[in-house]
Amino acid sequence: MTHAGIPELPAALWRNPEPKRSYDVVIVGAGGHGLATAHYLAKNHGITNVAVLERGWLAGGNMARNTTIIRSNYLWDESAAIYEHALRLWEGLEDDLGMPILFDQRGVLNLAHSLQDVREGVRRVEANVLNGVDAQWLTPDEVREVCPIVNTSPDLRYPVLGATYQPRAGIAKHDYVAWGFARRADAAGVDLIQDCEVTGFTTDGDRVTGVSTSRGDIAAGKVALCAAGHTSVLADQLGLRLPLQSHPLQALVSELLEPVHPTVVMSNAVHVYVSQAHKGELVMGAGVDSYNGYGQRGAFHIIERQMAAAVELFPVFARAHLLRTWGGIVDVSPDASPIVGLTPYAGLYLNCGWGTGGFKATPGVGWCMAHTIAHDEPHPHNAPFTLERFTTGALIDEHGAAAVAH
Amino acid sequence: MQLIECPWCGPREEVEFHYGGQAHVAYPADPATLTDEEWARYLFFRDNPKGTFAERWQHAAGCRRWFNAVRDTATYRFQAVYRPDEPRPEI
Ligand SMILES: Cc1cc2nc3c(=O)[nH]c(=O)nc-3n(C[C@H](O)[C@H](O)[C@H](O)COP(=O)(O)OP(=O)(O)OC[C@H]3O[C@@H](n4cnc5c(N)ncnc54)[C@H](O)[C@@H]3O)c2cc1C
Ligand SMILES: [Zn+2]
């Protein structure tokens, strides 16, 4: 243990190889999803002639920018299944990766501020329980027991009328998670290649046969897109149109404080969510900026609204200093659920549309993507999350449980 | 926060505006003949370019009128604003 309980890591985590001219599988994007996919391709399917190509630095996209909230209290059966699969993997991930990831199951509260919020929350708790997901409905007094610094006074403009509570939910140290997956994949023989931007694809009829990159063409038996907010930019190169819109999403941290905040609190109605990082910063997120954007920064008025909500809900934060803010680019789908699976192109696999909430899915989606790639067929957990659902109408509407306005 | 030019009111602060997504998406001319695939395209699929994008905005806290803008989604810079009955300007 070194600084405030943050464990030290090995000095070298992965090799930095030159790209080979051909791989069995090329994964585009070394965020958590791409790295987890590589890990489970090796571990579950013995597929190791794999490259993960990253245009920037490893896990420097949304993986480095997110607020690390992990939970599985989604409404629909399809979502509960894939997020709960992920949560179970999180519970054993330190052992699997052989590295600390500071996964801390401190519980998540989703606050209700109106009668409609209460009804929606109670409905979600019932649905969660039927799906084997731990969930409880808490009264305002019970909310105060779990998190004493939440202002439960009835005099608030948006009073706290109750909350859903998932005790097994929590946070993890995002960088360590990415590096843990990277280290394991690297040890299994996967090439992690940074500073290598994919600019297009090579095709043979309706089969994708490789990628063009800033470091030359690379042939691939199979290509998996794990590029988060930039997925539609890539798919455009194939004339493949996706039902995605990319938005800036911001977060910020305060200075370091003594431990004051024991859990994670989210509020969909007043657009703020807060946890306290292991070192002591308050980590806060907001809703997405309304407009499309790729600039990795957001508008100041979003921060202003977020701070107003935070200070009303947590009067104790009123004098905390804001240390820094940043933005990521998230790809939002029309039903606020991801798109994971096959495409009209043979050998091309999609993993996108996770919007504001894909960190929590990292091990689960990596597991399912690896299965999809290895068997050329979706895993039962990602089978419902097809591109076709926008035509068939089998949408998985999770706007209510996504817990961030978008 | 940036100033956005309403074609009727002039430059106003961003908080006065509401975003409406891609511009020039026409309602289907003959809706009864559309296939499921064509309905899906109309309802759910929009362009998502990194760069120049023609989109709709409403001056919600001002004159409440809709207008179109050409904006760069990488820099967020507005390149043109124009009224709904005007054609998309060449940039
Ligand atoms: C501010 C913020 C807060 C969030 N909070 C949470 C949260 O609390 N809980 C939660 O579950 N989720 C949260 N999310 C969402 C979560 O971060 C994402 O859903 C998730 O990280 C997406 O998967 P990924 O890790 O693979 O994406 P990323 O880490 O973004 O990985 C994609 C990678 O692809 C690379 N790439 C893109 N284009 C190319 C190309 N052409 N060639 C090569 N590489 C390319 C990018 O550089 C990037 O590294 C948050 C996101 C943001 C921005
Ligand atoms: Zn106006």
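Helices (H or I, at least four residues) and strands (E, at least two) are DSSP runs, numbered from the N terminus. The structure is a predicted model, in which local features need pLDDT of at least 70 and side-chain atom pairs count only at pLDDT 80 or more, whereas totals for chains, interfaces and linings use all residues. Residues are numbered from 1 along each chain as its sequence is written, chains are lettered from A and ligands numbered from 1 in the order in which they are written, and side-chain values use heavy atoms, with hydrogens and water left out.

**View 1. A loop residue of chain A with positive phi, A:Asp376.** A:Asp376 is located in the loop that runs between helix H10 (362-375) and helix H11 (389-392) of chain A. Its phi is near 55°, a positive value in a residue other than glycine. With 41% relative accessibility, A:Asp376 is partly exposed; in this scheme buried means under 20% relative accessible area and exposed over 50%, with partly exposed in between (1.4 Å probe, protein chains only).

View 2. The loop between helix H2 (62-65) and strand S3 (69-70) of chain A holds A:Thr68. For this non-glycine residue phi is also positive, near 65°. A:Thr68 is buried, at 8% relative accessibility.

View 3. B:Cys9 is partly exposed at a relative accessible area of 27%, and B:Cys63 is partly exposed at 26%.

**View 4. Chain B as a whole.** One helix and six strands make up the secondary structure of chain B. Their order along the sequence is β-β-β-α-β-β-β. Of the 91 residues of chain B, 34% are buried. Taken along the principal axes, the C-alpha atoms fill a box of roughly 45 × 30 × 25 Å.

**View 5. Strand S10 of chain A and its two partners.** Five of the seven residues of strand S10 (residues 207-213) of chain A are buried, so the strand is largely enclosed by the rest of the structure. S10(A) pairs in the antiparallel sense with strand S9 (residues 198-204) of chain A over six bridges; two strands pair if DSSP finds at least two bridges between them. Within this pairing A:Thr202 stands opposite A:Gly210. The hairpin formed by S9(A) and S10(A) has two residues between the strands, and A:Gly205 in the turn has a positive phi of about 65°. Strand S11 (residues 216-225) of chain A runs antiparallel to S10(A) and is joined to it by four bridges. A:Thr213 has A:Gly216 in S11(A) as its bridge partner. S10(A) and S11(A) are likewise connected by a hairpin, through two residues.

**View 6. The surroundings of ligand 1.** Ligand 1 is surrounded by 37 residues, of which the closest are A:Glu54, A:Met63, A:Thr67, A:Gly358 and A:Lys360; a residue is near a molecule if one of its heavy atoms lies within 4 Å of it. Backbone N or O atoms lie 2.9 Å from an oxygen atom of ligand 1 at A:Asn62 and 2.8 Å from an oxygen atom at A:Met63. At A:Thr356 a backbone N or O atom lies 3.0 Å from a nitrogen atom of ligand 1.

View 7. A:Trp90 belongs to helix H3 (residues 77-91) of chain A and is buried, with a relative accessible area of 1%. A:Leu97 belongs to helix H4 (residues 93-97) of chain A and is buried at 0% relative accessibility.

Notes
Polar contact = N/O pair within 3.5 Å; in protein donor to acceptor, adjacent residues only side chain to side chain.
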